[in-house]
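Colleague: I've got a few quick things to ask about this one before I go on. Can you take a look with me?
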Amino acid sequence: EISQMFVVGFGASMIFGTFVGALGDRIGRKKICQIYCFLYILSCFTKHFGKYWVLMLGRITGGIATSLLFSGFEAWLVAESTKRLPPDGTELGHMFA
């Protein structure tokens, strides 16, 4: 059962990860980051229960949150920096160095 939970968590991240970029463009990068926070809190909350289906739900929400984590925050940083900073991109290069 533990191996199933790992596979489901990584599978949810894999499946949702293919759509998260387009979703961020559609609803906004800041909103994606807020959804990440909510889903990760929900995932952590499920760890306090002993029911298998609740733990599985936590792995699914954790997998989705992981997809949001690895794309949402960086995309938000780049989008905001292109709006607010000079277009030469030197400041953004320093952020990612």
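Colleague: Let's start with a cysteine: is Cys33 buried or exposed?
Modeller: Keeping in mind that this is a predicted model, Cys33 counts as buried, because its relative accessibility is 4%, and the cut-off for buried is under 20%.
Colleague: And how many disulfides are there in the whole structure?
Modeller: A search of the whole structure gives zero disulfides. Cys33 is in none, and the nearest cysteine sulfur to its own belongs to Cys37, 7.3 Å away.
Colleague: Changing topic, which residues make up the nonpolar patch on the surface?
Modeller: That patch is formed by Leu77, Val78, Met95 and Phe96, which together have about 320 Å² of accessible area. Phe96 lies in the segment after helix H5, which spans 90-95, and Phe96 is partly exposed, at a relative accessible area of 44%.
Colleague: Where is confidence lowest in the protein chain, and where is it highest?
Modeller: Confidence is lowest in H5, where the mean pLDDT is 72, and highest in helix H3, residues 29-46, where it is 94. For the protein chain the mean pLDDT is 87, with 98% of its residues at 70 or more.

Key
Residues are numbered from 1 along each chain as its sequence is written. This is a predicted model: local features need pLDDT of at least 70, side-chain atom pairs count only at pLDDT 80 or more; totals for chains, interfaces and linings use all residues. Side-chain values use heavy atoms; hydrogens and water are left out. Patches are made of residues with over 30% relative accessible area and no salt bridge: like charges are joined within 9 Å, nonpolar side chains (Val, Leu, Ile, Met, Phe, Trp, Tyr) within 5 Å. Accessible areas come from the Shrake-Rupley method with a 1.4 Å probe; for residues, only the protein chains shown count as cover. A salt bridge is a side-chain nitrogen of Lys or Arg within 4 Å of a carboxyl oxygen of Asp or Glu. Helices (H or I, at least four residues) and strands (E, at least two) are DSSP runs, numbered from the N terminus. Buried means under 20% relative accessible area, exposed over 50%, partly exposed in between (1.4 Å probe, protein chains only). pLDDT is the predictor's confidence in each residue, from 0 to 100. A disulfide is a pair of cysteine sulfur atoms within 2.5 Å.
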